[in-house]
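Here are my comments, written as numbered points. Please read them with the structure open beside you.

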Amino acid sequence: MLLSKRLQFPDTAFIVERENIINHRTFSPFEELSFCTQTLLASAAFKYQDNGSSSVCFDTALGKVRVIKDKVKPHLWWVETSEEQHVKDFEHSRYVINYLSLDPKSILNKIALTGLGRKRIYIPISTVEELYNLSFSSELIIKLCEKCGLNGICFFTKLNNRHVAIRVFTTSLNGKEDAATGGAALGLIACNKFYDLELDEKVRIDQGHKKSSNRGSIFIWNDTKEKINRIGGLVDLISINGQLLCQEDL
């Protein structure tokens, strides 16, 4: 984690390969992430550059995870998961609404709790304008997550059957907003059934505030034919070689 703090990237993956087993661990500057789709996608693209394999299996804290290369789009990769996320009503919904000073009229439906490895609540916001008007201090988010045993708070608005906007505030960034989180987007597949959103099989997820320079997009794919869920993203590789200096070296 010390190295992740020094690098100051939202997510940093460490890969160790021994006897054809690729161990994969991811850290933010503040905590270890048991499951991180963003670094899995990037790691698979890196291994493809290294050995040309269009399918990579990683050993993570949640078990083995397969990442595949899209057959049509060259820079698009998909993380596969057959494990279905369970969704339920969040029992502390009223407390969350009051704690965050949310207008109950802006909330379209009940608050849901779900997540693989990381517990997140999902709050459906009535309009995209209200979604982007939300603003919270990182201290407020951290205190709420600690009180309720959460790793993140997700606000989302359905734009149409193929497009959803989401904003995610997470403990992995010490309460700040994360504009590129695959796990939170993956949770929308489970929320699709819970809220009866009638989303298409493939959906684009726009993350972060619309005015943010770090805003990202990711894709979810509820493959009902193969009975598997996928989360995908475009990956561009940048190679950087060098040596990290210790404080005493400066």
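1. Start with strand β15, which covers residues 228-234. This strand is mostly covered, with six of its seven residues buried. Keep in mind that the model is predicted.

2. Now look at one partner of β15. Strand β6, residues 76-81, pairs with β15 in the antiparallel sense. Six bridges link β6 and β15. For one of the pairs, find Trp78: its bridge partner in β15 is Gly232.

3. Strand β14, residues 216-223, also runs antiparallel to β15. Here five bridges join the two strands. Check Asn222, which stands opposite Asn229 in β15.

4. What lies between β14 and β15 in their hairpin? There are four residues between the strands. Look at Lys227 in this hairpin: it takes a positive phi near 55°.

5. Step back to the whole chain. Its secondary structure comes to six helices and 15 strands. The radius of gyration is 18 Å, close to the 18 Å that the globule rule gives for 250 residues, so the chain is as compact as a globular protein of that length. The C-alpha trace spans about 55 × 55 × 30 Å along its principal axes.

6. Of the 250 residues in the chain, 48% are buried. Among contacts with a separation of 6 or more, 59% are between residues 24 or more positions apart.

7. Last, surface and charge. The accessible surface of the chain is about 13,900 Å², and carbon and sulfur atoms hold 48% of that area. The chain has 32 positive and 30 negative charges, and their mean positions are 2 Å apart.

Note on methods. Residues numbered from 1 in each chain as written. Predicted model: local features only at pLDDT ≥ 70, side-chain atom pairs only at ≥ 80, totals over all residues. Heavy atoms only, no water. Buried < 20%, exposed > 50% of the residue type's maximum accessible area, 1.4 Å probe, protein only. Pairing = 2+ DSSP bridges. Rg over C-alpha atoms; globule rule 2.2 N^0.38 Å. Contact = heavy atoms within 4.5 Å. Areas by Shrake-Rupley, 256 points an atom, 1.4 Å probe, with all protein chains shown as cover. Lys, Arg positive; Asp, Glu negative; His and termini not counted. Charge placed at Lys NZ, Arg CZ, Asp CG, Glu CD.
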